[in-house]
Structures are given as structure tokens and as C-alpha cells.
Amino acid sequence: MPNLPEGFLAKLKKDTEDSITHQAYKSSKVTVKQMSLRQQKNIIATAVDGIQGAVGFAKAINDVILENSDKSDLLIVDKVPILLKLRKLSLGNDIVVEEEILDIDRFIKNIETVEPAFKKSETIKRDSISIGLKIPSLKEENAILAKCLTEVEKKENKKTSEAFGVIYLYELMKYIKTIKIGEDEVDFSTLKVAERVQIIENLPLSIYKQLSKFFQNITKYDTDLLTVDDKTITIDPTFFDTST
């Protein structure tokens with residue numbers, strides 16, 4: 001059997017380097033290359049893994065954006081706009097939304113018209129506790145998702161509720177920049193993940209309302225981008241599945 005000609009794969013990659021551009025939040029434009037079949041396969045493979053698959057899917061789509069983009073400082077609020085444009089580039093305009101075929105351009109237009117209600121950073125306080133919040137980068141989120149995957153693998157075989165609990169803690173973790181109690185302040189990025197978990201588990205419940213409001217505004221922004229009229233796109237493994 002003949003071998004591949006020298007440089008064949010390099011030429012293949014170069015000839016399929018279509019890309020999209022996106023004005024990153026509070027940053028410059030980013031260029032993101034089209035997905036490969038390998039990347040699509042990795043995303044779709046997460047569909048059969050239950051709770052673990054949900055975490056794996058979140059990490060897989062981050063992997064695609066980070067691997068294919070020319071910038072490394074993207075934030076999680078850049079994710080949905082980039083995914084919408086990548087979906088169009090990879091699979092065309094038609095997308096099935098709630099059993100109806102729609103033009104994805106209708107959703108892409110939201111990127112220019114939806115006004116963000118979230119803040120890039122905020123400080124919340126309760127008694128002597130002060131917590132600095134931030135919008136995490138995709139890199140930061142991915143590092144936390146990787147650790148979360150390991151923990152979910154341990155829990156999922158025992159109790160589903162325990163696995164959900166782990167995901168919830170790790171979701172909160174990514175938004176915290178600093179915690180100050182009195183004169184003592186810790187930078188979350190310098191702590192081990194296990195230490196961050198310990199701190200979050202011991203925070204007073206009363207502070208979670210303020211914390212959740214911060215990230216719910218980010219979630220609302222994503223939902224608004226993905227909604228046209230009464231139809232909302234679900235970002236899951238079928239989003240990049242050519243059979244749907």
C-alpha cells in the first residue's frame with residue numbers, strides 16, 4: 001500500500017482553513033478556524049455519557065474554540081457568539097430548533113442587537129466577608145472543567161445527586177476571583193481546587209443569592225442570543241450533528 005505523499009496532511013489542513021471572525025468582549029477581533037471532523041466526533045461522543053457527558057461536552061466545545069482561535073484571552077461570554085458562527089460555517093444556515101427548520105442567521109443577528117446586562121466584575125459583601133467576582137476566561141473554565149470531570153467520574157457510579165452537587169460547586173468556583181475576611185484576603189487562582197471547594201462549601205448561604213445573580217445575568221445573555229421569537233437553540237452535542 002502506498003504511503004501518504006509528503007506534506008499531504010499539511011496541505012489538507014491548509015485547504016480547509018475557512019474561518020469566522022468575532023469581536024471579542026472588551027477585546028479585539030478573534031479569528032476562529034472551521035471545525036475538523038475529529039473535533040465534531042469528540043463533541044458528539046459526549047452525548048452518551050450522562051452527567052459526565054454534560055461536563056465533557058462543555059470542555060469539548062471550549063477545546064475547539066481555544067484550539068482553533070488566534071487568541072487565548074477569550075471569555076466565556078464569547079462562547080455562544082463564536083459557536084453560532086462556527087455552526088453556520090461548518091454546517092450551513094439550516095438548523096432544527098424545537099422541530100422547526102430555521103435560518104441560523106436570525107440568531108447570529110442577535111450578537112449585534114442583544115445588550116449585555118452582566119458586569120465584567122463585581123464585589124459582593126456579607127458582614128465581614130467580601131468576594132470579588134469576575135467573568136472567567138475559557139482557559140480558566142476549562143481547567144476547572146477538567147478537574148470537575150475527574151470528580152464526577154468518582155461520584156457518578158455512587159449517587160447522581162452527589163455528581164450534581166460537584167458540578168454546582170465547580171460552576172460557582174469559576175466566577176470567584178478573591179475572598180476577603182476582615183484583613184485576610186486570598187486569591188483563588190493561587191489555591192488548589194480542593195482548597196477552593198472547601199472555602200465555597202463553608203460560605204454562608206445568604207451570600208449565594210448575590211453570587212448567583214452575577215452569573216445568572218451571564219446565562220441570560222447567552223439565552224437571549226440563542227432565542228428568536230419563541231424559539232431557543234439548545235447548545236448540546238446535536239448542535240454540531242449533521243443528522244439533525
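Buried means under 20% relative accessible area, exposed over 50% and partly exposed in between, with a 1.4 Å probe and protein chains only.

I'm working on a predicted model, where local features need pLDDT of at least 70, side-chain atom pairs count only at pLDDT 80 or more, and totals for chains, interfaces and linings use all residues. Residues are numbered from 1 along each chain as its sequence is written, and side-chain values use heavy atoms, leaving out hydrogens and water.

**Aromatic pairs.** I searched the whole structure and got five aromatic pairs. Rings of Phe, Tyr and Trp (its six-membered ring) pair if their centres lie within 6.5 Å; planes under 30 degrees apart are stacked, over 60 edge-to-face, the rest tilted.

I looked up Tyr25 and Phe118, which pair edge-to-face at 5.2 Å centre to centre, with 65° between the planes. Tyr25 sits in the loop between strands E1 (19-23) and E2 (29-33), and Phe118 in the loop between helix H6 (110-113) and strand E5 (121-126), so the pair ties together parts 93 residues apart in sequence. Helices (H or I, at least four residues) and strands (E, at least two) are DSSP runs, numbered from the N terminus. Tyr25 is partly exposed at 22% relative accessibility, whereas Phe118 is buried at 7%.

Next I took Tyr175 and Phe215: their ring centres are 5.2 Å apart and the planes lie at 15°, so this pair is stacked. Tyr175 is in the loop between H8 and strand E7 (176-181), Phe215 in helix H10, 40 residues apart. Tyr175 is buried at 3%, and Phe215 is buried at 11%.

I also noted one aromatic cluster formed by Tyr25, Phe118 and Tyr221.
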